[in-house]
Amino acid sequence: MTVLFTILGILLVAGGVSCIVTPLLTFMSVGYFVVILMVVFGIVGLIRAIVEKRFGINFVFSILSVLLGVIMLAFPNSLLFAESVLLIIAAIWFVVMGIVSIINAVSLIKMHGSKIWILQLIFGILAILIGIYSIFQPMLMAVSLGVLVGIYFIEAGFTMIFGGIIAAE
């Protein structure tokens, strides 16, 4: 499991760097990026929950991510609709992911007592701030969505890499 998280983390970081380097291309195809991220994130979250036998908020969010992602991939019209309201969906998703990251940071404090929780807490707070800002400034979100998605991919990748390292200890 550690190797899987590390490999997926590295792929997410590489994808995040690609999004930041080509933000216009990312914005033009961000609907597919978000849907694929939702499905991958959901599947990895489900695997992690089943292996660790922890069926809390992360498990529920993982199920919702997989379901929404599969629906959007199965029905192209829903993807087209989602792209038209993607700015608000992305903003809300950033807020929810920020909350989940903060919850995970608190659980890392309780479980391991290491300093890695600080990074996850910072990224959680940043995700919430980005999401709230994007709700009130959707046009700016449209311009910077590629960069923001890239930043989140990098954050999610490092979280997976650190999770794999912690699990190996």
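Predicted model: local features only at pLDDT ≥ 70, side-chain atom pairs only at ≥ 80, totals over all residues.

Me: Which residues line the largest cavity?

Reply: The lining of the largest cavity consists of I116, L119, Q120, F123, E155, F158, T159 and F162, and the elements that give two or more residues to it are α7 (116-136) and α8 (138-168).

Me: And how does that lining divide into nonpolar, polar and charged?

Reply: For the largest cavity the lining residues divide into 5 nonpolar, 2 polar and 1 charged.

Me: What about the second largest cavity, how much space lies in it?

Reply: The second largest cavity has about 50 Å³ of space, and V34, L37, A90, W93, F94, V149, Y152 and F153 line it. Two or more residues of that lining come from each of α3 (30-52), α6 (86-111) and α8, and by class the lining has 8 nonpolar residues, with no polar and no charged ones.

Me: Switching topic: is S62 buried or exposed, and what puts it in that class?

Reply: S62 counts as buried because its relative accessibility is 2%, and the cut-off for buried is under 20%. This serine is found in helix α4 (residues 57-74).

Me: What does the side chain of S62 reach?

Reply: The S62 side chain reaches the backbone oxygen of N58 at a distance of 2.7 Å. If neighbours within four places in sequence are left aside, S62 is in contact with F41, G42, G45 and L46.

Me: Last topic, then: how many salt bridges does the structure hold?

Reply: The structure holds 2 salt bridges. In one of them R48 pairs with E52, with the closest N and O atoms 3.6 Å apart, and both of these residues lie in helix α3, 4 residues apart, or about one turn of the helix.

Me: Why does R48 count as partly exposed, and how do E52 and R54 come out?

Reply: R48 counts as partly exposed because its relative accessibility is 30%, which falls between the 20% and 50% cut-offs. E52 is partly exposed with a relative accessible area of 40%, and R54 counts as partly exposed at 41% relative accessibility.

Conventions: Residues numbered from 1 in each chain as written. Heavy atoms only, no water. 1 Å grid on protein atoms, 1.4 Å probe; cavity = no way out; pocket = protein on both sides within 12 Å on 5 of 7 lines; lining within 4 Å. Nonpolar A, V, L, I, M, F, W, Y, C, P; charged D, E, K, R; others polar. Points joined across faces, edges and corners; volume = space filled by probe spheres on them. Buried < 20%, exposed > 50% of the residue type's maximum accessible area, 1.4 Å probe, protein only. Polar contact = N/O pair within 3.5 Å; in protein donor to acceptor, adjacent residues only side chain to side chain. Contact = heavy atoms within 4.5 Å. Salt bridge = Lys/Arg side-chain N within 4 Å of Asp/Glu carboxyl O.
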